[in-house]
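Good morning, everyone, and thank you for making the time. I would like to walk through one structure slowly, so please keep the picture in view while I talk.

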Amino acid sequence: MHTLTIEIPEQFEKRSVVLSIAVQLYQKGALTAKQAADLAEVPMNDLMYYSLPDNDPAKELIKPTKEYASTEEWIENLKREQNYKGFDKERMSKLADEMDIQEPLELLLSQLTR
């Protein structure tokens with residue numbers, strides 16, 4: 001890796017300039033999405049959002065609405081928003097017993113690849 005020092009005029013915000021550079025490097029294939037997001041110090045979702053052209057309809061779907069300190073914080077927020085209660089092992093075991101599947105697991109798995 002090379003080290004580059006850039007002097008940015010006062011009227012430009014450092015964060016937006018670094019994000020713009022990171023997006024350009026990502027679009028040219030010089031950096032992976034993760035590397036570009038790390039360089040810009042933004043979540044991957046933000047990088048993807050700023051990578052899309054303004055007229056792309058997908059842009060509205062991934063528009064950043066809130067800043068999260070971490071992926072874990074984002075996931076916990078989604079769980080609260082969607083009222084996620086977690087995996088109910090007892091309920092799933094009951095359903096499996098009710099289905100009374102007799103075939104061996106290997107046979108069932110092999111049928112998935114047909």
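This is a predicted model: local features need pLDDT of at least 70, side-chain atom pairs count only at pLDDT 80 or more; totals for chains, interfaces and linings use all residues.

Let me begin with a pair of helices, α1 and α3, where α3 covers residues 44-51; their axes come within 10 Å and cross at roughly 75 degrees. Angles from 65 to 115 degrees count as roughly perpendicular, and α1 and α3 are therefore roughly perpendicular to each other. On the α1 side, the residues that make this contact are Arg-15, Leu-19, Val-23, Tyr-26 and Gln-27, while α3 contributes Asp-46, Leu-47, Met-48, Tyr-50 and Ser-51. If we sort the residues of this contact by class, we find 6 nonpolar, 2 polar and 2 charged.

The chain averages a pLDDT of 87, and 98% of the residues score at least 70. Confidence is lowest in helix α4, residues 58-61, with a mean of 83, and highest in α2, with 92.

Now let us turn to α1 and α2, which are residues 14-27 and residues 33-40, and whose axes come within 8 Å and cross at roughly 170 degrees. An angle over 145 degrees counts as roughly antiparallel, which makes α1 roughly antiparallel to α2. The crossing of these two helices, α1 and α2, is right-handed. Here Val-18, Leu-19, Ala-22, Leu-25 and Tyr-26 of α1 meet Ala-33, Ala-36, Leu-39 and Ala-40 of α2. What classes of residue does the contact of α1 with α2 have? There are 9 nonpolar residues in it, with no polar and no charged ones.

The remaining pairing I want to show is α2 with α3, which pack at an angle of about 100 degrees with their axes 9 Å apart. These helices, α2 and α3, are therefore roughly perpendicular to each other. In this contact Ala-33, Lys-34, Ala-36 and Ala-37 from α2 meet Met-44, Leu-47 and Met-48 from α3, and by class the residues divide into 6 nonpolar, no polar and 1 charged.

Let us look next at the loop between α2 and α3, where Glu-41 is placed. Most residues other than glycine have a negative phi, yet Glu-41 has a positive phi of about 55 degrees although it is not a glycine. Is Glu-41 buried or exposed? With a relative accessible area of 70%, Glu-41 is exposed. Pro-43 is found in this loop between α2 and α3 as well, and at 32% relative accessibility Pro-43 counts as partly exposed. Although Pro-43 and Ser-70 are 27 residues apart in sequence, they are 8.1 Å apart in space, C-alpha to C-alpha.

Finally, please find Tyr-49, which is in helix α3 and which, at 15% relative accessibility, counts as buried. Which residues is Tyr-49 in contact with, leaving aside its neighbours within four places in sequence? They are Lys-59, Ile-62, Lys-63 and Pro-64. By contrast, Tyr-49 and Leu-112, which are 63 residues apart in sequence, are 35 Å apart in space, C-alpha to C-alpha.

Key
Residues are numbered from 1 along each chain as its sequence is written. Side-chain values use heavy atoms; hydrogens and water are left out. Axes are lines fitted to C-alpha atoms, for helices over the stretch in contact, and angles run from 0 to 180 degrees between N-to-C directions. Helices (H or I, at least four residues) and strands (E, at least two) are DSSP runs, numbered from the N terminus. Angles under 35 degrees count as roughly parallel, over 145 as roughly antiparallel, 65 to 115 as roughly perpendicular and the rest as oblique. A crossing is left-handed if the near helix is turned anticlockwise from the far one by less than a right angle, and right-handed if clockwise. Contact means heavy atoms within 4.5 Å. Ala, Val, Leu, Ile, Met, Phe, Trp, Tyr, Cys and Pro count as nonpolar, Asp, Glu, Lys and Arg as charged, and the others, Gly among them, as polar. pLDDT is the predictor's confidence in each residue, from 0 to 100. Buried means under 20% relative accessible area, exposed over 50%, partly exposed in between (1.4 Å probe, protein chains only).
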